[in-house]
Amino acid sequence: MSDTVRINIDGKDYAVAAGSNLVDAAKWHAGNDIPVFCYHPKMEPVGMCRMCLVELGSPARDRASGEVMLNDDGSPQIRYFPKLQTACTTTVSDGMHIKTNTQEVIDARNDVLEFLLSSHPLDCPICDKGGECPLQNLTMRHGPQSSRMYFEDKQLLEKHYPLGDLIFLDRERCIQCARCVRFQDEVVGDDVLAFHERGRRLQIITNSEPGFDTYFSGNTTDICPVGALTTTDFRFGARPWELNEVPSISPWDAAGENISLSMRLDRDFGGKALIKRVMPRQNERVNEIWISDKTRFGHHFTRSEDRLGQPQMKTGGVLRESSWSAVIPAIAAALKHAAGDVAAIAGSGMPNEDLWELRQLVAGLGGSRLGAWLPTHGGAEIVAEVGVGVGTNLGQLGRGDAILVIASDLEEEVPIWRLRLKQAQDRGAYLVVANARHTRLEDFAVGGARNDKVVEGDIIRYEAGEAVSIMRNLKADHPAIAERLGEAENLVIVAGAEGLTLSGSQALAQAAANFLIETGHIGRRNNGLLIPFPGANGMGQHYLGYRPEATLDIMTNPPKALIVAQAELLDDDPAARAWLSQVETVIYANFFDDGISELADYVLPIQTFAERDGSFVNGERRVHSFYTAQGTIGQSLPAWKLFGALRQELGAAHLRPSAALVMQDMSANISAFEGISYKDLAQVKREFPDVGGRDQYYGGTAYTNTGGLGIQIPSASDKRKGRRPRRLGAFAEASAGEDEVLIMPIARLYDRQRNFRPTLILEPRILSPFAIVNVDDAAAMAISEGDIVEIRAGESSVRVQAMLSDEISAGAVALPRHLTEEAIPLTITAGSISKIAEAVAAGD
């Protein structure tokens, strides 16, 4: 069977992919934008709005012979349907003829728009969608110039109805296209929106508690073809034509979501450019056209009033504001005084350029210890060896493929990966989720059927800390699952660190790599290993020489001088204060003061991703660049410039004038970045579906990628075949003694992490501190649902509410990070839990 068919659109022939949707084919091949409201290229067609009506015909065939009937001139006879057909529900076939510009089609579009506008409010001048509104644009192009409807018959509905904390619904503007409902159901899998009532009173409602309970709600405002759905963050904030778009990258997790920062000069920000909203930027290999709500709304830290804005230096035992001209020479002298006993700890959100300059600074001083923060996820070097192959696109996984997610809660750690892997299962991939507790992805794995499609998957529940054993013995203990995974055409394994020590996560990554090697699933696209590193640049840390093992060594053997860069040590590690107090000189560079100012000798303000150029390497090893968008806070500097200035003061090198030239240095000295420049990272190409043009009725307001698709660093398996499994090294396993439990730190997407606190609109979605306790363990300790319990482990002691569950292994307590003011253990450890107070009854 041919991969292409020939169709005729308005008298011209085109060769298009067989099985294509007619709307997609007309747009991609003919540049013919058939107008739509309900259709979206990322969802199943439903033919609800009727805006895409066209004249449709196909070659006439002789009933007896089945042969195509010909005209006198030898051309095929075309038999048209007696009525107009919906293009969005039509699949192209060979010889199909389509007419999109006849009078009948023009009249049909006019009629559809007239009915849609019959009760639509005339509030375009104050509507947030004005200027990028599909209904407005299509009305101007295809609609009536006046109305025949009686104003008295207009529907009057609620104008400011909150679907949740983040999204408002204007019920008068809604045209019942169902895009939002279908997106939540089909794409996300969070069926939290629905239709209510009938006929002209049909309305969108939320059926979850809290309302619109999902991590992807903001995407519905992008695909809404009218101004019915608006965000709390941007509502009445600016007009679209006032905004300048700057390509950027999400700073939050390993996905590296491509985003566009919508900027405007703002008088309340001193006349400087300010982020008014964050929008998705299309990259089909990374995030397609979707972003999580944390990425969309979590930008407020970039301009928080609590940001560090002035360099500070300790004089006379007191930290005082100073100037760069005074601080740089003083720090250089202190670093020299350390006589080579210098180390650095850098956070996983720190861009590559900063990591490079910091590395050069430490090396030039004679130091060698470069620590990666958080020291929770090992295995980056294994991803560099057997990570997903070059050209991998999770959006291509489907029937015949398989996915294993072990020791990770992707919903909370990397939500875009969760969304894309769930969709892979929808397309037919076999999904296995293994964990010591219930996670959201597990619901999909064992769902059985969704949207009239059979989906296949399995779950493996194990005891806390047993993930390595499960992976290593998968073939012996779970032969049926192992066989399906091993025989899959393509296999991706996501190996996390939940319930594991640092060395345990390293061992899990190696065990997963061994399985991939043994089954032949390395060195080719859509196969290999992923690790959900915390932060946006976990793989960048690895390629630039930063290791979590070095961090543990620094914690055990503190240096004379320590540079802490974009790492919240006190917020993350309950033991940090103790070991930091042994460091003679602490140099702290970050956005906020996490309390370390009591211990630091120098506190230095640096710029966020929004204020400077830079690059990240995401979990799939794709290097992405981002660009200067927002005005700077105070005297903050990009960290690469700060460290470069210190190197210049020490006489080691001249300060590079731009981040692009720092990347040039990296390219010349780091093999992984060889041949990579900002110009290369900015390369783009046309992607399907073609969104972001003036036809926003097609794909929504996601932006075409003009900032660069990035470059994927090849893995060692991409370059050289024939890798062999490796023996697992010794690793630390957590065990609990008598009257102890295993305290298992877990992630929550919305937490009280210092960078996230300024996002006040999401504060209602941050849960009160809690811990998940096994029901049998709780009964033995006389703990009931909602009781206040105290959890102790080493230097950590926190009080939280008990949440009982039979879907967590006995002997384990899951404790979320960053919900309490106090730090909790970095990785799984033994501890105790005791009841402090009984639950308070509602109304008391």
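## Helix α4 and the residue after it

Helices are DSSP runs of H or I with at least four residues, numbered from the N terminus. In this predicted model, helix α4 spans residues 179-188 and is mostly covered, with nine of its ten residues buried. The buried residues of α4 are Arg179, Cys180, Val181, Arg182, Phe183, Gln184, Glu186, Val187 and Val188. In an α-helix there are 3.6 residues a turn, so residues three or four places apart point the same way.

Glycine 189 follows α4 and has a positive phi, near 90 degrees.

## Overall architecture

The protein chain contains 26 helices and 37 strands. Its radius of gyration is 29 Å, close to the 28 Å that the globule rule gives for 844 residues, so the chain is as compact as a globular protein of that length. Along the principal axes, the C-alpha atoms fill a box of roughly 95 × 65 × 65 Å.

Of the 844 residues, 62% count as buried. The accessible surface of the chain comes to about 32600 Å², and carbon and sulfur atoms contribute 48% of that surface. When contacts between residues at least 6 apart in sequence are considered, 74% join residues at least 24 apart. The chain carries 85 positive and 111 negative charges, whose mean positions are 6 Å apart.

Strands β1 (residues 4-9) and β2 (residues 12-17) pair in the antiparallel sense over six bridges. Within this pairing, threonine 4 of the chain stands opposite alanine 17 in β2. Two residues lie between the strands of the hairpin, where aspartate 10 takes a positive phi near 50 degrees.

Strands pair in a sheet through backbone hydrogen bonds, either parallel or antiparallel. Here, three strands form an open sheet in the order β7-β8-β11, and the pairing is antiparallel. The edge strands, β7 (161-162) and β11 (229-231), each pair on one side only.

Strand β8 covers residues 167-169 and is joined to β7 by two bridges, the two running antiparallel. Phenylalanine 168 in β8 is the bridge partner of proline 162.

Most residues other than glycine have a negative phi, and most peptide bonds are trans. The loop between β10 (203-206) and α5 (219-223) holds proline 210, and the peptide bond from glutamate 209 to proline 210 is cis, with omega near 0 degrees. Phenylalanine 212 also lies in the loop between β10 and α5. Phenylalanine 212 is not a glycine, yet it has a positive phi of about 50 degrees. Its relative accessibility is 3%, so phenylalanine 212 counts as buried.

Proline 689 is placed in the loop between α23 (678-681) and α24 (696-699). Alanine 339, in the loop between α7 (324-337) and β17 (342-347), has a positive phi of about 55 degrees without being a glycine. With a relative accessible area of 65%, alanine 339 is exposed, whereas phenylalanine 212 is buried.

Histidine 120 is in the loop between α2 (103-116) and α3 (134-142). Because buried means under 20% relative accessible area, histidine 120 counts as buried at 12%. Neighbours within four places in sequence aside, histidine 120 is in contact with Leu135, Lys154, Glu172, Arg173, Ile175 and Val226. Leucine 156 is 36 residues from histidine 120 in sequence, and the two are 9.4 Å apart in space, C-alpha to C-alpha.

Aspartate 613 is located in the loop between β28 (602-605) and β29 (614-617). It is partly exposed, with a relative accessible area of 27%. Tyrosine 80 and aspartate 613 are separated by 533 residues in sequence and by 56 Å in space, C-alpha to C-alpha.

Definitions and conventions: Residues numbered from 1 in each chain as written. Predicted model: local features only at pLDDT ≥ 70, side-chain atom pairs only at ≥ 80, totals over all residues. Heavy atoms only, no water. Rg over C-alpha atoms; globule rule 2.2 N^0.38 Å. Buried < 20%, exposed > 50% of the residue type's maximum accessible area, 1.4 Å probe, protein only. Contact = heavy atoms within 4.5 Å. Areas by Shrake-Rupley, 256 points an atom, 1.4 Å probe, with all protein chains shown as cover. Lys, Arg positive; Asp, Glu negative; His and termini not counted. Charge placed at Lys NZ, Arg CZ, Asp CG, Glu CD. Pairing = 2+ DSSP bridges.
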